[in-house]
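Thanks for coming, everyone. Please bring the structure up on your screens and keep the sequence beside it.

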Amino acid sequence: MYVIKNGLVYSMTESAPFEADILVGDSGKIEAVGKDISADCEIIDAAGCAVVPGLVDAHSHIGGVQMETEDLNECTKPCTPEVDSYYGIDPKSRDFEVAIRCGITTSCLIPGSGNVIGGWGMVMKSNPGTIAERVIRRPVCLKAATGINPKGMYSKNKQMPMTRMGIAFLLRDYLRQVREYMEKKETAAGDPEKMPKFDLGLEHGIPVLEKKIPLKVHTYMHDMVTVVEIAKEFDIEVTIDHAQGASDFYDVLTDSHVRGVIFGPISAGLFPGEGGKIDFECCKGLDDRGVRVTVMTDGPVTPENLLIYQAGEAVRKGMDPVRALRMITMNAAEMLYADSRVGSLEAGKDADILIYEALPTKYVAANLKMTMINGKVLYRA
């Protein structure tokens, strides 16, 4: 057990920070947040420091994309909904140690963007252990992609999709097949003679059509319009990932079929037609309009400390620093259906807790002094 004493707590359940203690139980859960908590356990003095929830990265490939291998991009055909990121992650990857040192305690790990449909993603903790022990939710999304990634992957083979037209067709055609598959299963009413032939790829799309998970779409600029139109056509939820140019499409992104917008990362190179606009002002713009918004690392493609730096860029473009912190904690947790366990500091939640010298979204050079996951201290500066 621990008591974190005298810190300035940014709970994400209150609009402003407050001085308080946090009691962490042996169960790995937060047992209490309040004044003058006493317990027979180790004291962690956080006087003068910001105590914040563990950061949540809503779009990452860590553990599955290494220098020598790329186990999260099954680029053998344009649509591979049958694959599952669970089987592409190395639980001992050094990426997770880096994440802990950057304050990232939870990540959404997803297939890459080479395919129009890329497979299932999951939410997983950064702490040591087996994948099964660390998974919070699986599946959490079905990955999809528009634009230059699938175009670039398959046009060299003179194979669909070579164009945005082809991508839109493949997306719609897959969702149509899932819908027809579901209708046949319903009509069969459990009769083995009438049931359609089992298809794992179509099975993986059923939670999307049932609105249990979103279609998580790598998309930029005007492709966002296509994605939202498809979401409306099939009445599904989507997240808009990368989202450069989102400030041009506020009227589209406020649609109720958009579960959230995940902006970034900033260190990727600009390219024509879809990635030519870096508009961090969209974070405040979307937040002001009631759209759930966060930023991503896309790690290890880009450095994992970008989560804080990008939140700082949103602040530089006018966002309130506490709202910016909420982006990379509670907002991301809500997008990932993980907010019952992570994203805020309150009794009953997982004890994923960071201690910074100062509020990191306002002072991005503030040192991270401690990372705790599930009530265990895994990093001290």
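Where is the place of Ile100? Ile100 sits in helix H1, residues 94-101. Helices here are DSSP runs of H or I with at least four residues, strands are runs of E with at least two, and both are numbered from the N terminus.

Before going further, the ground rules. This is a predicted model, where local features need pLDDT of at least 70, side-chain atom pairs count only at pLDDT 80 or more, and totals for chains, interfaces and linings use all residues. Residues are numbered from 1 along each chain as its sequence is written, and side-chain values use heavy atoms, with hydrogens and water left out.

Back to Ile100. Is it buried or exposed? Ile100 counts as buried, because its relative accessibility is 8%. Buried means under 20% relative accessible area, exposed means over 50%, and partly exposed is in between, with a 1.4 Å probe and protein chains only.

Which residues does Ile100 touch? Leave out residues up to four places away in sequence, and the list is Ser126, Asn127, Leu368, Thr371, Ile373, Leu378 and Tyr379. A contact means heavy atoms within 4.5 Å. Take Ser126 from that list. Ile100 and Ser126 are 26 residues apart in sequence, yet their C-alpha atoms are 6.4 Å apart in space.

Now zoom out to the whole chain. It has 11 helices and 16 strands. Along its principal axes, the C-alpha trace spans about 65 × 50 × 40 Å. What about the radius of gyration? For 381 residues a compact globule would be near 21 Å, and the chain has 21 Å, so the two agree. That radius is taken over C-alpha atoms, and the globule rule is 2.2 Å times the number of residues to the power 0.38.

Of the 381 residues, 59% are buried. Look at contacts with a separation of 6 or more: 67% of them are between residues 24 or more positions apart. The accessible surface comes to about 15500 Å², and carbon and sulfur atoms hold 50% of that. Those areas come from the Shrake-Rupley method with a 1.4 Å probe; for residues, only the protein chains shown count as cover.

Charges next. There are 42 positive and 53 negative side chains. Lys and Arg count as positive, Asp and Glu as negative, while His and the chain ends are not counted. The centres of the two sets lie 2 Å apart. Each charge is placed at NZ of Lys, CZ of Arg, CG of Asp or CD of Glu.

Now the backbone. Most residues other than glycine have a negative phi, and most peptide bonds are trans. Here are some exceptions. A cis peptide bond joins Met160 and Pro161, with omega about 10°. Pro161 is in the loop between helix H3 (148-154) and helix H4 (164-188). Another cis bond joins Gly264 and Pro265, with omega about -5°. Pro265 lies in the loop between strand E12 (258-263) and helix H9 (281-288).

Then positive phi. Asn6, in strand E1 (residues 2-9), has phi near 65°. At 43% relative accessibility, Asn6 counts as partly exposed. Met221 has a positive phi of about 45°. Met221 lies in the loop between strand E10 (215-219) and helix H7 (223-234), and at 17% relative accessibility it counts as buried.

Gly375 lies between strand E15 (368-373) and strand E16 (376-380). Gly375 counts as buried, at 11% relative accessibility. Beyond four places in sequence, Gly375 touches Tyr2, Val24, Gly28 and Ala351.

And Pro128: buried or exposed? Exposed, at 61% relative accessibility. Find Pro128 in the loop between strand E8 (117-125) and helix H2 (131-134). Beyond four places in sequence, Pro128 touches Arg134 and Leu378. Leu378 is also on the contact list of Ile100, where we began.
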